[in-house]
Amino acid sequence: MSDAVSALNGRSHTGFATVADAGMTGMVQIRADLGSARLATALSARGLTVPAARQVVAGQGFSLAWMSPDELLLFCAYDRAAILAGDLGAEMGDEHALIVNVSDMRSVFTITGAKGDEVLMKLCPLDLASLPAMEMRRTRAAQTGVALWRSGNEEITLICFRSVARYMLGLLEVASRRGGEIF
Amino acid sequence: MSTRLSKGGRLIDRARPMAFTFNGKPMRGFAGDSLAAALLANGQVLMGRSFKYHRPRGVVASGAEEPNALVNLGRNARQEPDQRVTTTELFDGLEASSQNHWPSLNFDIGALNNTFSKMLPAGFYYKTFMFPKIAWKHVFEPVIRQAAGLGTAAKEADPDRYEQAYAYCDVLVAGGGIAGLAAALAEAKAGKRVIVMEQNAFWGGRAPVDGGTIAGLAPQAWIDATLVELAGYANVRLMTRTMVAGLHNHGYAICYERVADHTPGDGRPRHRLWRVRAGVTVAATGAIERPLAFAGNDVPGVMLASAVRDYIVNWAVSPGDRVVIVTNNDDAYRTALAVLDAGLTVEAIVDARDRAAGDLPQALRARGVRVLEGRGVAGVLGHKSVTHVQICAQAGEGGVTETLECDCVAMSGGWSPVVHLFSHVGGKVVWDEAGAMFRPDADKAPTGPDGSVLARAVGAANGHLTLDAIAAEAGLTASVEPEAPLAPVWVMPAGASQALRFKAFLDYQNDVKVSDVELAAREGYTSVEHTKRYTTLGMASDQGKLSNINGLAILSDMLGQGIPTTGTTTFRPPYTPISFGSMTGEARGDLFQPMRRTAMQDWHEAKGYHWEPVGFWRRPYCYPRPNETHRDAVNREITNTRTNVGLLDASTLGKILVKGPDAGKFLDMMYTNMMSTLPVGKCRYGLMCNENGFLSDDGVVVRLTEDSWLCHTTSGGADRIHAHMEDWLQCEWWDWKVYTANLTEQYAQIAVVGPKARKVLEKLRGMDVSKEALPFMTWAEGTLAGFPVRVYRISFSGELSYEIAVPANMGAAFWAAVNAAGEEFGAMPYGTEALHVMRAEKGFIMIGDETDGTVIPQDLGLNWAISKKKADYLGKRAQERSFMVSKDRLQLVGLETLDGSVLPDGVYAVADGNNVYGQRNTQGRVTSTYYSPTLKKGIAMGLVVHGPDRMGEVLDFPADKGAVIKARIVDPCFYDKQGEKADV
């Protein structure tokens, strides 16, 4: 819908790394028994499997992140999320689950560049040097909660709550300012 | 007089001269100079005035332990006080000025204190400023504050930037000397992730100055080769200009990198604070030389022996042409060698030991230097610089046997291992008789929660004070001149008279003398910690790096007990002061706190809103028009809402989805009233209490489907209540089938409030919002102006009201659409103050106003919202306790002033008589109070003893300046008691 805009409407900043609002992203929160056969079936129909602890798996325009022992976060195109949440809920039938469209409550950022890690080293109490690709960490950036993972070559994707999107971009901008390279 | 030598200086680059100023005077130095070296090279021996007596002081050390030579650096916004010249790297354009004097460094009025120093002994403040009590606040404190302190802080905001960074390693090596580098290499070879931090700009510690060979190499050659080898390991990170400032539990180290102090204006952050998690920290932090306590040991030109040879060897600076060396050990003889090698003169070596016959003394004798055995210093002559030294027998009382002319005194009282990091997190130290020092006790190292060792000390920090011992510990071979044992010397001479003890300084930075510590002991201070506070020994920015051991040795002597019995004071982080900027990091200006923004925040800002903080949100308080006061704006917004239509950004309200087969049962426990019976499609106001029965939060609960509810919470309570729910679900009722999701930020929410609210929504079109289709306390989903919405018929104002939720990404567009549609009906936005006043006019309570953590729902007349049918809910049992059911609890009432004025917030209603403390008895208090533009008078709610039974009674509320405001107890609902306006 043309009336919908992400919190920062695509703003970005380039210092020694590029930090950018990744725009609107579909997100569906799934709380369920992650061992459920119905859940596995519903996900497999979309080319996905239940990720192991902290893992992010990708397939067919989706990616799926393990958030906690009973919670997953499914990423998709923004326009598909509401329907997808409804479909998945229906596919779970009478099995106890909470599946809800949460596409508007978080902001998504990307940090790209060879020195992208150095931006986040300044903000997150996180051993980035030992973080493998496609493993999500739920941590904090300065004073706000975030989750992040290595989503591609020299690319980290970070999510935080929508209300602190401007704070987050401010943090990323300051931390990536030229002259602040650590190594 | 100090000067630059024509040759040598291993750290300076003579091809890169640099200009700087001291007290406005132009001076020259070289790249690689410390400011201390550069000042001495320019003949500037006098560098500051002491804290208490304003005595002239020069530099005494060459490193982080320097107590005296603190200067102001920079100017205006970049002015920074109390910077050690020894650790300040010279850069072109550096501006330094001396501190703690008036009108000038050379002539200082404050030095009068020195004349009267006998009247300023230990504990002077405590003894003098006791009486009269009132004088402390109005006389003593202002005068002392004016006189105290060294430098002055900048008054402008710091223009530089600072940051923090996190790092993780198996081994953190603190110190890049021989011991540190050797330890790092061993760990690197073992495959460990290693970070090596060296506080100086250069590697190698003291070894290149002190000499010897390691594995057959000169120290510098070994250091260079080892650094090359370490650089070849991908698992090793080498950092200079970075101090491990403190070690904390769980191997958490705070480290301070001075990134760009020496290159100002190059665009880099000035400091970076590292927050490191290390498996083990290796304290390779070296040792610090101790001064000797003799009369006049603070005259400029009296320096540590190691510092004298550092200045000569590292920076080609002569601290003086004619040097007298005073020592109790062999190591200081190396200074004599350095002085001679630089072509300067050693007037004599005054050795307190009866015999000095080791290799080093013999080598000096062979070069024609007088070695005076069994001698000490009776006094130093000179005021702003040394002119003579008086020699005496160390065993005597200070009778002068000889007076030597000189311009520098190099003293050494032995060495103290830097045990700080080892001790910060609980490592114990033991007294080493042979070295007369405390060293780390490896058997009592600090440990982590699993018992593993958090820190170990190596090298000089571990008490290995000679190169061969340091190398042996690291599994290397080394050779160096052997040293004969030292003789502990705590006062010089041993039988020094009171007059001499009165001039023998222990703590230069705080002007604490031998006589002060002795006085403290005579006055009954037996604890070293108490003595520290009483005398100020070991306080301030140097934290007693030079003075602590000497001070506690003297205290022990006075108490007639061994030094280990007295023990040390606590070593606390940081090792040396770190900048506030680095602690602040990015958290300044816009990034001071994570300010939360609703989807409509840009609109509010553009409208020129006046905001108030609600949690981390900035909610519009009101939207003042040009030339309109906030009060007038609030009144206008209320009147407009009650007559036309008002629009509120309610996005911040908590919205928690609760779903599952046991969700109804769960909510019946969470809320005081029954939520399981709420029909789908309906809304119900609910109260939440904690397990002690006190009211915690409130809000409207919405039954979405057969097995899901949406719980609205207060704006400030969203995260707290969600955590409260999860706490009970995860810890107590883990087998209940309930999931929750905090959807607060998923939706932007707009309240459309007022008699014309329905007209606005009808104009937006898309769904039936009539009373029949959408009655009071129901909800419906549909579209409005094409936006997907969920509309709740709930009201906190007493008016016809719709709260409309849209996906947050559409919030700004929908808000604009509602404002546009409302224009013809007189719609105006309103803020939180109008919301509060309208609530109060209706007598609705506000969490945080009527509640303060001690109020139960029954106090507020909310019995109607407490289910009598339920077997249990959180707080039910507590609310049955005798005190909770007492009829004497304060009860909610309305209050109406007799004169129509507004009661001050929080004022008490007084009762007859006084309590046991002589205070006036009270019978109630105001909890919220406003001017009501609707009723055109002040209205208030309050909690009053037996309040509801006392309708019509008039209470006295004393206010400021003796005024007493009279107010009548009334029903708390002031507006539309039948609730007809909301239900239309």
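Entry 1: The model I am reading is predicted. I then followed the two strands: strand 33 (residues 610-614) of chain B runs antiparallel to strand 34 of chain B, and five bridges join them. Two residues lie between these strands, which form a hairpin, and I noted a positive phi of about 60 degrees at B:Gly615 in the turn. I also checked how covered strand 34 (residues 617-622) of chain B is, and recorded five of its six residues as buried.

Entry 2: I turned to strand 22 (residues 375-381) and strand 23 (residues 388-393) of chain B, which pair in the antiparallel sense over six bridges. Within this pair I located B:Val377 opposite B:Ile391 of strand 23. The two strands form a hairpin with six residues between them, and B:Gly382 in the turn has a positive phi of about 120 degrees.

I continued from strand 23 of chain B to strand 24 (residues 400-405) of chain B; five bridges join them, and they run antiparallel. Here B:Cys392 stands opposite B:Val400 in strand 24 of chain B. Strand 23 and strand 24 of chain B form a hairpin with six residues between them, and B:Gly398 in the turn shows a positive phi of about 115 degrees.

**Entry 3: the six-stranded sheet.** I traced an open sheet of six strands in chain B, in the order 42-43-44-41-35-45, and noted that its pairing is mixed. Its edges are strand 42 (779-784) and strand 45 (828-829) of chain B, each of which pairs on one side only. Inside the sheet I looked at strand 43 (residues 787-792) and strand 44 (residues 801-807) of chain B, an antiparallel pair with three bridges. B:Val791 stands opposite B:Ile804 in strand 44 of chain B.

I next asked which strands of this sheet helix 23 of chain B touches. Helix 23 (residues 757-764) of chain B packs on the sheet against strand 41, strand 42 and strand 44 of chain B, and its direction makes about 125 degrees with that of strand 41 of chain B. Helix 20 (residues 630-643) of chain B lies across strand 35 (646-649), strand 41 (747-753) and strand 45 of chain B, at about 115 degrees to strand 35 of chain B.

**Entry 4: a helix pair.** I examined helix 5 (residues 178-189) and helix 7 (residues 219-231) of chain B, which pack at an angle of about 30 degrees with their axes 10 Å apart. Angles under 35 degrees count as roughly parallel, and helix 5 and helix 7 of chain B are therefore roughly parallel to each other. Their crossing is left-handed. On the helix 5 side I listed B:Ile178, B:Leu181, B:Ala184, B:Leu185 and B:Ala188, which meet B:Pro219, B:Ile223, B:Thr226, B:Glu229 and B:Leu230 in helix 7 of chain B. By class, this contact has eight nonpolar, one polar and one charged residues.

**Entry 5: the contact with chain A.** I found 37 residues of chain B in contact with 37 residues of chain A. Strand 9 (162-174), strand 36 (654-659), strand 40 (739-742) and helix 24 (811-822) of chain B each supply at least two residues of the chain B side. Strand 9 of chain B gives the most, with five residues. I divided the chain B side by class into 19 nonpolar, seven polar and eleven charged residues.

Note on methods:
Residues are numbered from 1 along each chain as its sequence is written. Chains are lettered from A and ligands numbered from 1 in the order in which they are written. This is a predicted model: local features need pLDDT of at least 70, side-chain atom pairs count only at pLDDT 80 or more; totals for chains, interfaces and linings use all residues. Two strands pair if DSSP finds at least two bridges between them. Helices (H or I, at least four residues) and strands (E, at least two) are DSSP runs, numbered from the N terminus. Two residues are in contact if their C-beta atoms, placed from the backbone, lie within 7 Å. Axes are lines fitted to C-alpha atoms, for helices over the stretch in contact, and angles run from 0 to 180 degrees between N-to-C directions. Ala, Val, Leu, Ile, Met, Phe, Trp, Tyr, Cys and Pro count as nonpolar, Asp, Glu, Lys and Arg as charged, and the others, Gly among them, as polar. Angles under 35 degrees count as roughly parallel, over 145 as roughly antiparallel, 65 to 115 as roughly perpendicular and the rest as oblique. A crossing is left-handed if the near helix is turned anticlockwise from the far one by less than a right angle, and right-handed if clockwise. A residue is buried if 20 or more other C-beta atoms lie within 10 Å of its own, exposed if 12 or fewer, and partly exposed in between; C-beta atoms are placed from the backbone.
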